[in-house]
Amino acid sequence: MTKSIFVDTTICTACRGCQVSCKQWHDLPAEKTKNVGSHQNPQDLSFMTYKLVRMREEIIDNHLQWLFFPDQCRHCVDAPCLATAFNEDAIYQDPATGAILYTQVTKKLAADEIIGSCPYNIPRKAEDGTLAKCDMCNDRVHNGLKPACVTTCPTGAMNFGDREEMLAMAKSRLATVKAKFPKAMLLNPDEVNVIYLVAFDPKYYSDYAVASSGRGGISRSVALRKMMGPLAKMMRV
Amino acid sequence: MTNHWIDLKNSDCILIMGSNAAENHPISFKYITQAQLKGATVISVDPRFTRTSSKADIYAPLRSGTDIAFLGGMIKYILDNNLYNKEYTENYTNAGFIVNKNFGFKDGLFSGYKKNEEGPSMGSYDKSTWTFDMDEKGVPVVDRTLANKQSVFQLLKAHYSRYDLDTVSSVTGTSKEDLATVYKAYSATGAAGKAGTIMYAMGWTQHTVGVQIIRTMSMIQLLLGNMGVAGGGVNALRGESNVQGSTDQALLWHILPGYLKIPSSSMDTLDAYNTKWTPKSNDPLSANWWQNYPKYSVSLLKSYFGEKAVKDNQFGYPWLPKAEDGKSYSWFDIFDSMYKKEIKGFFAWGMNPACSGSNAQKVREAMGNLDWLVNVNLFDNETGSFWRGPGMDPAKIGTEVFMLPAAASVEKEGSISNSGRWMQWRYQGPKPMGNSRPDGDIILELGRRLKEAYKTDGVFKEPILNLKWDYDTHGEFDAHKVAKEINGYFHEDVKVGETVYKKGTLVPSFAFLQSNGSTSSGNWVYCASYTEKGNMAARRSNKDAANNIGLYPEFAWAWPVNRRIIYNRASVDPKGRPYDEKDWVVRFAGEEKDGKYTTSKWEGDIPDGPWYPLQNPDGTKREDGRHPFIMTTHGHGQIFGPGLADGPFPEHYEPIECPVEKNMFSAQMVNPTAVVYGTKADSHATCDPRFPFVGTTYRVSEHWQTGLMTRPQEWLLELQPNVFVEMSEELAKLKGIANGERVKVSSARGALECTAIVTKRFKPFKIGYATVHQVGIPWHYGWRWPETGTEESANLLTPSAGDPNTRIPETKAFMVNVAKL
């Protein structure tokens with residue numbers, strides 16, 4: 001059954017336990033960072049940083065808000081990166097969990113094209129062109145554990161479970177949160193398996209919090225391949 | 001904490017002030033979030049908008065060091081608007097006590113003040129007028145209507161009448177609107193069944209008025225009836241997983257385990273010592289729990305000296321170290337003495353004073369005066385390597401440094417006591433690495449060697465030779481033996497009621513401790529933690545108590561006697577019925593007949609004693625009830641607190657270094673009893689144009705303490721790689737500083753380089769007609785790591801000035817300058 005993560009940013013305190021536990025579980029090296037005048041670090045996702053809590057200070061309706069957005073792959077229901085790659089040795093969806101997974105074969109793909117196809121600007125490439133991103137801790141999930149970021153979260157901002165359960169939780173929380181934040185919304189809930197709840201206009205949180213109209217999606221050739229379906233897969237068009 | 005972490009979820013209003021729980025106690029937000037989801041209001045009061053503020057329903061800024069003004073204004077607001085919990089205040093607090101007519105307060109000074117020219121204490125009080133009127137039986141005279149002009153309540157009203165919104169706002173820099181919003185929200189918890197709680201930490205303690213800030217809040221909690229109830233209390237968030245345990249075990253110089261007093265040289269006999277510290281009450285309704293003092297002190301001596309402690313030698317009392325009368329041996333005093341070359345040897349054990357000590361440069365220089373320094377720690381640190389640190393010339397330093405590598409907490413078995421007083425047993429994970437050893441083994445071995453050395457030579461051998469030192473099993477430290485010793489044993493067969501407790505068995509609880517040498521206990525508040533029924537701290541049941549408020553009484557063990565909420569008899573009315581029917585803590589469940597209780601039984605948490613309630617169901621008074629505040633002499637919550645060094649009512653004074661030339665409340669600029677040190681390394685600069693900005697220090701989620709365990713951890717250093725200084729956009733503009741630029745921050749004592757974080761989260765304060773800027777710096781860094789050596793400790797800036805009660809340093813409010821490099 002498809003799994004989902006529900007991220008309630010209204011109760012995220014940016015302790016960044018998720019960011020560290022992600023590195024720990026995946027044994028990812030630290031980046032050499034420097035403080036550039038913000039608590040956020042690293043400054044962006046990278047080949048060795050799959051999860052990043054974005055931190056922004058915004059004045060909204062005359063009130064200062066410090067907004068936290070634990071950014072990661074959305075594990076799209078219908079993933080443009082997967083369709084664009086069109087190579088299941090490189091990018092595939094685990095039918096058991098719905099996780100979109102990248103392999104070392106991504107090195108053979110046109111990295112910038114894959115990155116460009118992502119409406120949320122998530123995948124990152126290594127120097128040799130190999131791509132990496134959040135894998136929903138698929139190995140943990142298959143062994144009955146929750147993703148590391150979810151296990152670490154102290155407040156319940158990160159939640160994990162069956163898609164239907166997470167959607168229901170997201171909708172219920174949205175209804176409650178609306179009393180305090182009338183502009184609260186879920187971000188592309190029908191299209192993604194990592195569903196965010198935000199209190200304000202998503203543009204305040206991240207440039208790519210919602211599927212960006214200016215980028216991503218699929219090209220004509222990809223659309224054609226999709227149309228041809230299994231036949232195209234066989235032919236490796 | 002009078003309450004505990006989980007209990008935060010039961011609160012209706014959580015005031016987070018003097019702490020930044022979201023960043024420094026992140027797990028607490030699990031329970032804060034639960035409370036908030038149930039409709040609780042969360043208030044964040046902080047000079048800077050923090051991650052805590054980002055989740056709060058109400059945020060109000062205040063200038064560092066003005067908390068008493070802020071809270072004093074809340075007391076006035078509560079009294080002016082009759083928002084105090086009338087029944088609670090009248091019955092359970094000393095608001096109705098009549099104060100000595102010679103007690104006075106004038107222009108910032110209480111009666112009995114005497115200046116001290118010698119220092120380091122600036123002055124002290126003769127407290128002989130800070131007393132209550134007694135009736136012919138020696139019981140305090142009480143006017144429960146609170147109308148008497150000389151009552152605590154009326155004096156309180158008069159004292160805080162000066163703390164009006166205008167004056168408070170002009171001192172704190174908080175807008176009047178923000179003050180009123182916070183006061184209104186918090187005072188609403190004075191209603192019956194509502195609970196408000198305070199979460200504070202070093203943002204309150206580390207001031208020259210630190211203890212009085214906490215007292216001001218305690219008084220608010222008493223007025224609002226928030227002590228003893230679920231979701232209430234006064235809650236100190238401890239900064240280290242076992243700092244509560246180490247305090248209970250007398251980490252600080254002025255106490256012995258279990259908050260017994262350190263003997264002083266004038267108390268030359270055990271009787272004199274016990275008499276001095278055993279309070280007397282003639283009120284039959286006052287439990288006056290400290291009347292048991294001799295049982296605990298003698299049991300402690302029996303624990304220290306075992307069979308060597310007998311009645312004829314005063315149970316070894318003469319062997320205890322004595323403090324010189326009037327002399328202090330605090331952290332400050334140790335390093336002051338070391339700086340003056342009066343101390344020759346020093347164990348830095350699990351500490352990094354070169355970075356954690358206020359005025360750290362003085363600390364570093366002081367260590368250069370030692371003959372030897374033993375650094376017991378996980379890794380080498382700025383303390384062990386002080387001699388090769390910045391500005392040090394190794395050729396000129398004669399200190400011999402020894403490094404003893406210690407095992408990390410997970411590498412050894414034992415207990416930790418968390419902020420909520422929960423003693424939790426932990427098992428050993430991995431074995432200690434390399435040649436590192438558990439602290440217990442190091443201490444045990446040190447003791448053995450000392451005993452060996454004293455056998456042949458040494459002055460005053462008895463304390464060392466007679467010390468009981470049998471805490472090993474097969475030569476290794478045995479945490480269970482120590483835990484049992486802390487609990488205590490019967491040393492003779494003792495008959496209590498019909499039961500005979502055999503010699504050599506563990507004491508079931510402190511009610512069984514004796515003053516005749518028949519029992520031992522290494523710490524009476526922990527008595528009942530490790531009994532013949534087993535190790536209570538190792539329990540892991542998830543079953544809640546009958547009241548279902550998250551007490552989990554069979555998970556670990558809480559001192560005292562597994563009581564999860566202290567002073568819980570104050571959560572019920574005088575008839576024993578909970579003020580809050582839903583989130584009740586205890587309730588009386590004894591049988592009743594004809595309007596009178598006939599049997600005694602309490603349900604819920606372990607009550608503060610088994611006694612009957614103060615009244616019968618029909619409202620008649622009982623002779624066998626007890627007032628709820630059992631640890632105070634007269635059984636009442638102390639709104640008038642005659643015990644502290646600086647006054648029975650808290651009063652606002654400016655920090656030793658401050659940006660204003662006048663205290664708006666009195667002619668007394670700073671705490672007249674503050675402690676200020678006077679060597680050439682202890683300079684201070686108040687209202688000095690060289691240091692025009694308020695500075696404060698704090699922590700971040702990503703590092704811990706002086707960063708010894710986190711700075712070398714790459715994933716954490718990735719998150720917070722540099723020491724930074726946060727400042728407002730206004731100040732940055734004024735100084736021409738760009739966001740992310742490296743700048744110099746300096747004080748009268750030292751300087752360091754920081755990365756500027758220019759942020760909307762700091763705003764200039766309007767103090768009267770002046771604009772006051774404030775900056776803040778985390779203190780987690782030190783030159784040893786990262787390897788650039790450029791990230792230094794913020795404690796190079798902080799002053800050698802402290803609170804008169806605790807001598808805790810004033811690291812939360814001092815004056816600095818910020819400049820481009």
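In strand E37 (residues 814–820) of chain B, B:Val818 is the bridge partner of B:Val745; strands here are DSSP runs of E, at least two residues long, and helices are runs of H or I, at least four, numbered from the N terminus. The model is predicted, so to speak of local features takes pLDDT of at least 70 and side-chain atom pairs count only at pLDDT 80 or more, while totals for chains, interfaces and linings use all residues. Side-chain values use heavy atoms, without hydrogens and water, and residues are numbered from 1 along each chain.

E37(B) runs antiparallel to strand E31 (residues 742–746) of chain B, with four bridges joining them; two strands pair if DSSP finds at least two bridges between them. Strand E29 (residues 693–698) of chain B also pairs with E37(B), antiparallel, over three bridges, and B:Gly695 has B:Phe814 as its bridge partner. Five of the seven residues in E37(B) are buried (under 20% relative accessible area, 1.4 Å probe, protein chains only).

On to the interface: chains B and A each put 37 residues into the contact (heavy atoms within 4.5 Å). About 3,000 Å² is buried between them, 59% of it from carbon and sulfur atoms; this is the accessible area (1.4 Å probe) lost on putting the two parts together, summed over both. Four salt bridges cross the interface, with a side-chain nitrogen of Lys or Arg within 4 Å of a carboxyl oxygen of Asp or Glu. B:Asp57 and A:Lys180 meet in a salt bridge at 2.7 Å, N to O. On the chain B side, helix H20 (714–719) is among the elements that each supply at least two residues, and H20(B) gives the most, six.

Key. Chains lettered and ligands numbered in written order. Buried < 20%, exposed > 50% of the residue type's maximum accessible area, 1.4 Å probe, protein only.
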